[in-house]
Amino acid sequence: MLMLVIYSFNSSRLVTVWAGFSTHWYSELVTNVALHEAVGLSLLIAFASATVAVILGTLASYTIVRFGKFKGVNLFSFMTTAPLVMPDVITGLALLLLFVAMGHFLGWPQDRGAITIWLAHVTFCTAYVTVVVSARLRELDKSIEEAAMDLGANPLKVFFIITLPMIAPALVSGWLLAFTLSLDDLVISSFVAGPGATTLPMLIFSKVRLGVSPDINALASIIILIVSVIGFISWLLMRRAEKRRLQEMRNIKYS
């Protein structure tokens, strides 16, 4: 990654030959309309996919953990987590055939594009969210929920007032994981995308197939910088929260 960042400042069009320092390729990114459209589409699909995947994954995990004795629970669990073990090629091909059959019999979707990519990403991202949230739900103390219902709260109120705040860290983790997986996906998107929808990984892959372009180095360097800043801020916030928790425990101990 360090070499990639260094060669993003290379003035030569050949990425393997150093010809001097230059920021030319970063300025090229500013005027690259196709790249801007690909980034915007990828971010939009990733945000929408992660949001819907968290909702569906939470409902699925709650059903499996809290109502795990209904008929067909094993089949439901398998169908929910199947994208985890299926190769991306198989998943992409299956979704492509599904969309073609839906278009033939239902008339929708008529063309493949951003909608089909979004539906495909929701499908496999939901599986990851289900696993993350299910693990958190199994660790919760059910006696707190039962006590709230004994005091007169209905199940819906218990879920939103007690259960949801307790699994909030898992929801955030699942959303971030789904967002990252959707933003990074190439194989499944290539199967279900149409000619008018190109995500950022698809654009980068199409450029790399014709030879590594210096502007790709510049784009990758920007992505590395953004991820590093976000990771550092997350680490800093977690460190402060841990210090605050330890301080509160010391105060309770001495009091």
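Author: The answers below concern this model, which is predicted.

Reader: Let us begin with the record. Where does UniProt place the feature "domain: ABC transmembrane type-1"?

Author: The unreviewed UniProt entry places that domain at residues 39–234. Over residues 39–234 the chain is 82% helix and 0% strand. The end C-alpha atoms of this stretch are 23 Å apart.

Reader: And which residues does the annotation "transmembrane region" cover?

Author: According to the unreviewed UniProt entry, the annotation covers residues 38–64, 84–106, 118–138, 158–179 and 218–238.

Reader: What is the helix content of residues 84–106, and what is it for residues 118–138?

Author: Residues 84–106 are 87% helix and 0% strand, with end C-alpha atoms 28 Å apart. For residues 118–138 the figures are 100% helix and 0% strand, and the end C-alpha atoms lie 30 Å apart.

Reader: Turning to the surface, which residues form the nonpolar patch?

Author: The patch consists of Leu75, Phe78, Met79, Leu84, Val85, Met86, Val89, Ile90, Val131 and Val187. Together they have about 890 Å² of accessible area.

Reader: Which helix gives the largest share of the patch?

Author: That is α4, with five residues. Both α4 (73–85) and α5 (88–105) supply at least two residues each.

Reader: Where does Val187 lie?

Author: Val187 is in helix α10, which spans residues 187–192. Its relative accessibility is 31%, so Val187 counts as partly exposed.

Reader: Now the rings. How many aromatic pairs are counted?

Author: The count is 10 aromatic pairs. In one of them, Trp175 and Phe179, the ring centres are 5.2 Å apart and the planes are at 15 degrees, so this pair is stacked.

Reader: How are Trp175 and Phe179 placed in their helix?

Author: They are four residues apart in helix α9 (residues 168–184), so about one helical turn separates them. Trp175 counts as partly exposed because its relative accessibility is 23%.

Reader: What about Phe232 and Trp235: stacked or tilted?

Author: Their ring centres are 5.8 Å apart and their planes are at 35 degrees, so the pair is tilted. Phe232 and Trp235 sit three residues apart in helix α12 (residues 214–254), which again gives a separation of about one helical turn. Trp235 has 44% relative accessibility and therefore counts as partly exposed.

Reader: Which residues form an aromatic cluster?

Author: Tyr62, Phe67, Phe159 and Phe160 form one aromatic cluster.

Reader: What is Ser134 in contact with, leaving aside neighbours within four places in sequence?

Author: Ser134 is in contact with Ser61 and Val65.

Reader: Which residues of helix α11 are buried?

Author: In α11 (residues 200–209), the buried residues are Leu200, Pro201, Met202 and Leu203. After α11 comes Gly211, whose phi is positive, near 115 degrees.

Reader: Lastly, the backbone. Which residues does a cis peptide bond join?

Author: A cis peptide bond joins Trp108 and Pro109, with omega at about 0 degrees. Pro109 is found in the loop between α5 and α6.

Note on methods:
Residues are numbered from 1 along each chain as its sequence is written. This is a predicted model: local features need pLDDT of at least 70, side-chain atom pairs count only at pLDDT 80 or more; totals for chains, interfaces and linings use all residues. Side-chain values use heavy atoms; hydrogens and water are left out. Patches are made of residues with over 30% relative accessible area and no salt bridge: like charges are joined within 9 Å, nonpolar side chains (Val, Leu, Ile, Met, Phe, Trp, Tyr) within 5 Å. Accessible areas come from the Shrake-Rupley method with a 1.4 Å probe; for residues, only the protein chains shown count as cover. A salt bridge is a side-chain nitrogen of Lys or Arg within 4 Å of a carboxyl oxygen of Asp or Glu. Buried means under 20% relative accessible area, exposed over 50%, partly exposed in between (1.4 Å probe, protein chains only). UniProt positions are given in the numbering used here, feature names are shortened, and annotations may be inferred rather than shown by experiment. Rings of Phe, Tyr and Trp (its six-membered ring) pair if their centres lie within 6.5 Å; planes under 30 degrees apart count as stacked, over 60 as edge-to-face and the rest as tilted. Contact means heavy atoms within 4.5 Å.
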